[in-house]
Amino acid sequence: MLTPRNRIAEARAATLASHAGGADLENLGTLYGLPLPRLARGQDATARAILRATLYSARGTYPATLATLRELYRPYEITLAGAELSADESAATIEHEDITAAWAGRLVRWEVEGEPGALFAVQSASAGALTLERARTLHHTTPPTSTAAPLVGALALLPWRASEPTPGDGDELAPGVDAPATLIIDTEAPRVEVPPSYYHEGDDPTETASGEPYGLHVLSLFDGDPAVPSLGDQTLGPFPLYFPGAGVDGTTRAILDPLLAAGVRLRMTLTLDDESPF
């Protein structure tokens with residue numbers, strides 16, 4: 001005999017970020033002010049990780065902001081298993097055959113099974129090895145100063161970097177610092193992709209060769225002609241033309257900005273580099 005599902009337990013699960021799924025998970029994101037559908041539509045694990053990192057942390061602290069930031073961009077990380085970390089008085093290094101010179105100046109996440117993970121900054125890198133930055137900041141930790149033997153763990157290259165320029169001690173005018181109380185996040189991965197499109201010449205974008213996708217329109221809200229559509233629709237048409245901007249999408253900013261302490265501004269930049277590993 002089949003046992004019917006407990007409706008009370010189902011209703012309770014729909015309110016928990018750790019158990020909800022599908023539409024229930026999207027509704028939770030909406031209630032908490034996190035626009036998850038555009039970021040993780042159909043990907044419950046990603047949406048759940050973003051929710052948990054944001055909700056179960058202390059708002060306005062660096063660990064909370066960086067935890068949410070990592071879950072937002074985790075699908076873009078480059079993860080290497082079986083990396084080896086060695087350290088002595090002169091330097092701390094990590095070796096893996098897939099490390100390249102492009103890893104220099106970036107952030108990496110180091111994790112050993114059964115131990116808390118650590119966020120390190122890469123000072124320099126070459127084929128097969130990288131050297132970690134010894135200086136500690138609010139954004140990353142300092143690596144160990146010595147290891148009896150190489151430590152084996154998982155290494156993840158993060159597609160973002162965080163910084164907060166501040167004036168030096170006793171420097172009231174803070175020359176050269178143009179962004180006090182500003183968290184600057186540089187990323188190389190567009191979290192919300194611009195829809196793929198191309199401009200189709202001609203009056204009717206649906207007049208295409210067999211199998212060719214529809215071309216797109218350049219629309220205007222202020223053309224003054226009521227016979228010309230001003231708004232587009234990706235399914236029904238007219239099909240608008242999308243151009244990628246130089247910044248990060250508003251959805252990602254809408255999640256991160258409220259996590260910052262009062263008075264701290266957020267600046268996000270998107271860098272597209274042909275030599276980037278991402």
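## Reading the helices, sheets and pocket

Q: What makes Ala23, Thr30 and Leu31 of helix H2 count as exposed, and where on H2 do they sit?
A: In this predicted model, the face of H2 turned away from its buried side carries Ala23, Thr30 and Leu31. The label "exposed" calls for over 50% relative accessible area, so these three residues lie above that cut-off.

Q: Which residues of H2 are called buried, and what does that label ask of them?
A: They are Leu25, Leu28 and Gly29, within a helix that spans residues 23-31. Buried means under 20% relative accessible area, so Leu25, Leu28 and Gly29 fall below that value.

Q: Why are S1 and S2 said to pair?
A: Pairing requires at least two bridges between two strands. Strand S1 (residues 78-87) and strand S2 (residues 92-95) are joined by four bridges, so they qualify. They run antiparallel, and Leu85 has Ile94 in S2 as its bridge partner.

Q: What do S1 and S2 belong to?
A: They are part of a barrel that six strands close, in the order S1-S2-S5-S4-S3-S6, with antiparallel pairing. From one strand to the next, the twist averages 45°.

Q: What makes S7 and S9 edge strands?
A: The sheet is open, with three strands in the order S7-S8-S9 and mixed pairing. Strand S7 (160-163) and strand S9 (265-270) each pair on one side only, and that makes them the edges. Neighbouring strands here are turned by 15° against each other on average, direction ignored.

Q: How do you know that S8 and S9 are paired?
A: Six bridges join strand S8 (residues 182-187) to S9, and the criterion is at least two, so the pair passes. These two strands run parallel; one of the bridges links Asp186 to Thr269 in S9.

Q: What lines the largest pocket, and how much space lies in it?
A: About 360 Å³ of space lies there. The lining has 16 residues, and the closest to the pocket centre are Pro63, Leu66, Arg109, Leu119 and His139. Helix H5 (residues 62-73) gives the most to this lining, with five residues.

Notes:
Residues numbered from 1 in each chain as written. Predicted model: local features only at pLDDT ≥ 70, side-chain atom pairs only at ≥ 80, totals over all residues. Heavy atoms only, no water. Buried < 20%, exposed > 50% of the residue type's maximum accessible area, 1.4 Å probe, protein only. 1 Å grid on protein atoms, 1.4 Å probe; cavity = no way out; pocket = protein on both sides within 12 Å on 5 of 7 lines; lining within 4 Å. Points joined across faces, edges and corners; volume = space filled by probe spheres on them. Axes fitted to C-alpha atoms, helices over the stretch in contact; angles between N-to-C directions.
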